[in-house]
Amino acid sequence: MGAGGAGKSSICDALSKDGEFKHVERDSMMESMWDEFGGFDQFRQTLLRGDRQSKREILRLLRKRIERLSKLLSHPEQADFSNALKRILEADDSGLIEIYTRDSGLLYYLICTLAEEEGIRKAAEIAKDSSKHVLLNDASLHNKDEFNFRKEYLNSQNIEPGLLVVRNTRERIREVAMERFNSGATQGLWQGRAAAAIAGMNEQISFPEIERVIICDNKGEIGEAVREIRERILKSEFEVNVKWPINLAC
């Protein structure tokens, strides 16, 4: 957990190289699914002005993603969302086109939520079938309700989650956010994430119910943070008497 640009992905990637850790990252899943649709502008143009074959293929993919997400939303408090997705699937092609070309946020939210749901299940599967430490990098966990959904799911799989919080300075988080915003990479995706990172650096989090917590301030060389986290996880050296809430920036 941490604000965008704090160094979570880089640290988790470095930890996963030695074979003791496995990194499950929401972002790579999001980018892969986003690329399937070609970004929102291409997605919208295909649905509104594409030839019959192109339109049929993109609608088939869209229905497949909606149906998959509807099936994955298993928590009782997610029932309304799941039912809404099922009603959308009942729409004919013209109705589906109208819904998803009206607002780019709908496609983004579909992909983002689906990546989150797939990520938690992939992490749980690895944790049950492997001796590796699993690192799940998911920005949605900042949200208290989402965190509780994930925690309850892991508990149902007899997995006790821990919490790794990677923090960085506000200046560095803002710098990384602007680099991503100006990169032009993965049209429409990084720009939204950059804005969320700047907003998120002022967040506070509070999860006193989690017993295994590690807080790492990634202000120096990233190698130092990687070594600290690896050692603390392997030795089970967790925080004592955390004073919640804590800031996501240090």
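Biologist: Is the crossing where helix 7 passes helix 8 left-handed or right-handed?

Modeller: Some ground rules before that: this is a predicted model, where local features need pLDDT of at least 70, side-chain atom pairs count only at pLDDT 80 or more, and totals for chains, interfaces and linings use all residues. Residues are numbered from 1 along each chain as its sequence is written, and side-chain values use heavy atoms, with hydrogens and water left out. A crossing is left-handed if the near helix is turned anticlockwise from the far one by less than a right angle, and right-handed if clockwise. For helix 7 passing helix 8, the crossing is right-handed.

Biologist: And which residues of helix 8 make the contact with helix 7?

Modeller: Helices here are DSSP runs (H or I, at least four residues), numbered from the N terminus, and contact means heavy atoms within 4.5 Å. Helix 7 brings Glu116, Glu117, Ile120, Arg121 and Ala124. From helix 8 (residues 144-156), the partners are Glu146, Arg150, Tyr153 and Leu154.

Biologist: How many charged residues does that contact of helix 7 with helix 8 have?

Modeller: Ala, Val, Leu, Ile, Met, Phe, Trp, Tyr, Cys and Pro count as nonpolar, Asp, Glu, Lys and Arg as charged, and the others, Gly among them, as polar. On that scheme the contact has 4 nonpolar and no polar residues, and the charged ones number 5.

Biologist: Moving on, at roughly what angle do the axes of helix 3 and helix 6 cross?

Modeller: Axes are lines fitted to C-alpha atoms, for helices over the stretch in contact, and angles run from 0 to 180 degrees between N-to-C directions. The axes of helix 3 (residues 39-49) and helix 6 (residues 93-102) come within 10 Å, and their crossing angle is roughly 150 degrees.

Biologist: Why is helix 3 called roughly antiparallel to helix 6?

Modeller: Angles over 145 degrees count as roughly antiparallel (under 35 is roughly parallel, 65 to 115 roughly perpendicular and the rest oblique). Helix 3 and helix 6 cross at roughly 150 degrees, so the pair is roughly antiparallel.

Biologist: Which helices do the buried residues of helix 6 pack against?

Modeller: Buried means under 20% relative accessible area, exposed over 50%, partly exposed in between (1.4 Å probe, protein chains only). In helix 6 the buried set is Gly95, Leu96, Ile97, Ile99, Tyr100 and Thr101. They pack against helix 3, helix 4, helix 5 (79-89) and helix 7 (104-129).

Biologist: Now the cysteines: how many disulfides does a search of the whole structure find?

Modeller: A disulfide is a pair of cysteine sulfur atoms within 2.5 Å. The search covers the whole structure, and the count is 0.

Biologist: Which cysteine sulfur is nearest to that of Cys216, then?

Modeller: Cys216 is buried, at 1% relative accessible area. Cys216 is in no disulfide, and the nearest sulfur sits 9.0 Å away, in Cys250.

Biologist: How far from Cys112 is its nearest cysteine sulfur?

Modeller: Cys112 is also in no disulfide, and is buried at 10% relative accessible area. The nearest cysteine sulfur belongs to Cys12, at 17 Å.

Biologist: Last one: leaving aside neighbours within four places in sequence, which residues does Ile222 contact?

Modeller: Ile222 lies in helix 11 (residues 222-234) and counts as partly exposed at 35% relative accessibility. With those neighbours set aside, its contacts are Ser10 and Ile11.

Methods:
Helices (H or I, at least four residues) and strands (E, at least two) are DSSP runs, numbered from the N terminus.
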